[in-house]
Amino acid sequence: MALGLLAGAALMTGSSLATTPAGAEGKTVTAVMHSGLRVLDPIITTAHITRNHGYMIYDVLVAVDENFEPQPQMADWTISDDNLVYTFTLRDGLTFHDGNPVTAADAVASLKRWGKRDSGGQLLFDVTESLEAKDDKTLVWTLKSPFPALLEIVGKQSAVPPFIMPERVASGSADEAITDYTGSGPFVFVEEEYQPGVSVTYRKFEDYVPREEPANWMAGGKNVKVDQVKWVTMPDAQTAINALMSGEIDYIEQVQIDLLPILETSENVTVETRDELGYQTIGRMNFKYPPFDDVKIRQAAMMALSQENVLGTLIGNPDYYTICGAIFGCGTPLADDSGSGTLTSGGDIEGAKKLLEEAGYDGTPVVLMQPTDVVSLTAQPVVAAQALREAGFNVDMQPMDWQTLVTRRASQAKPSEGGWNMFFTNWMVPEINSPLISPMLNGRGDDAWFGWPEDDEIEVLRAEFIAADTLDKQKEVAVRIQEHTLENVLYIPLGQYASPQARSNKLTGMIPSPVPVFWNVEKAD
């Protein structure tokens, strides 16, 4: 796969402290992201655009570098000899955008709220004896039993990073969206300029104190070298490309593959991929309601689908995609393709028809949500709907913009009453390459990721993975997780692809991380 081919009130009060209005019209980076931003709470959703927003305005205790090694970010740590007590010490200079210092109590409240929503966080809090602020700069995390992956989970860059918020914000319900967007990160969210789904502005936080180490993925010094960053929405890919080539914008997060030749003719634009593993595109079903509360019907749906058909329509150019049946992603230590035969060999419509008949499918409509405004998500539902109909499913495909889908997928209403049966999305491979962090491998029912499977066996398997003390033992458990996932169709892996980005040559210093970030970026005059 040629993935490397191409090289409220609190905020308003704090704005005068945190921003530099005189410089706001200075160096501005204008970016077209993959989606408009509407959901602002990065803990209640796994939407990538909301995660990206989170990295702009919040910081984290621990961050992974390009080698997936946890590094100190807001805090250093020590570990007791028995591996049960982790003591984190906040570094000097941490300040919220409203001028208040960041304290250990803020971190504790933030971690606890995060732990109720994140799949890895739930596993971690299962073995937590206590998490307490010892003083303003020290928090102590005490475990019931050793959990070697603690730093890995707390430091992961996605899907839901444990962003640190003020205690007054984080002490609220993990099921209700926050309304106070005070962070301590390198940028300040300019609420008065925010237009949901249209544009969002971030200004440099002048009081942010970066680490001294060089920037390395999410770790190291977050040095902001521009005055502000603006995200603007341009649903039409050709319009965005024209705007980049004319200098109206500086950056496109995801470029439509068939339009790459246009950009390649420009001497003023660089097209490149941020990471070599790329993305996995997937289908997810709702386990709470018919027809996908029946495992045989889920199996029939998976049997009908073909990775080649999906990727060929989505990407087109085979240099940018790979047929891959591994739920942990191809090119990763845990990769295995057990149980993915029909997916990787073109699908089996006739077999799906037979299985659907055996399951006694009664024609219950499949409400399939279809995003219409994100280049990397428009093809999957169309291809899937055709295959499912050929297999005998009654498909009700409902078009909507992606942010409407992101909101609707959280609804547990019946599909006939505003709920849903199926949707498609994409994950960066680094956020699904382990059963400890993959959101889809959570069998905790209503506490699981959207779709809400109740699956005690996957929880047992994840516990076995945690207990495995060698890579070989982890691989053995991972194979059983792969087999169980596809046998029970916890989700449908539909292959791996690259998503090139494009930037003006005026921009330099962009960090080649899976998550697009705007610290370290310089813009020439």
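Select strand S4 (residues 75-79) and S5: five bridges join the two, which run antiparallel. The model is a predicted one. Within this pair, Thr78 has Thr87 of S5 as its bridge partner. Now show the turn of the hairpin, where five residues lie between the strands S4 and S5 and Asn83 takes a positive phi near 60°.

Keep S5 (residues 85-90) selected and display its side chains. Tyr86, Phe88 and Leu90 make up the covered face, while Val85, Thr87 and Thr89 make up the uncovered one.

Move to helix H2 (residues 48-57). Is it enclosed or open, and how many of its residues are buried? Ten of the ten are buried, so the helix is largely enclosed by the rest of the structure. Among them are His48, Arg51, Asn52 and His53, along with Ile49, Tyr55, Met56 and Ile57. To see what surrounds H2, select strands S8 (187-189), S9 (199-204), S10 (228-232), S13 (279-285) and S17 (422-428), plus helix H14 (402-408); the buried residues of H2 pack against these elements.

From S9, follow the chain into the loop between S9 and S10, where Trp217 lies. Phi of Trp217 is near 50°, a positive value in a residue other than glycine. With a relative accessible area of 9%, Trp217 is buried.

Two peptide bonds come next. Most residues other than glycine have a negative phi, and most peptide bonds are trans. Select Ser158 and Ala159: the bond joining them is cis, with omega about 5°. Ala159 is placed in the loop between helix H5 (150-155) and helix H6 (167-170). Then go to Pro290 and Pro291, also joined by a cis peptide bond, with omega about 5°. Pro291 is in the loop between S13 and helix H9 (295-304).

Now select Cys324 and Cys330, which are joined by a disulfide with an S to S distance of 2.1 Å. A search of the whole structure finds one disulfide. The link of Cys324 and Cys330 is right-handed, with 105° about the S-S bond. Color the pair by accessibility: Cys324 is buried at 2%, whereas Cys330 is partly exposed at 26%.

The last stop is Val489, in the loop between helix H16 (471-488) and strand S18 (492-497). Val489 has a positive phi near 55° and is buried, at 1% relative accessibility.

Conventions: Residues are numbered from 1 along each chain as its sequence is written. This is a predicted model: local features need pLDDT of at least 70, side-chain atom pairs count only at pLDDT 80 or more; totals for chains, interfaces and linings use all residues. Side-chain values use heavy atoms; hydrogens and water are left out. A disulfide is a pair of cysteine sulfur atoms within 2.5 Å. Buried means under 20% relative accessible area, exposed over 50%, partly exposed in between (1.4 Å probe, protein chains only). Helices (H or I, at least four residues) and strands (E, at least two) are DSSP runs, numbered from the N terminus. Two strands pair if DSSP finds at least two bridges between them. Contact means heavy atoms within 4.5 Å.
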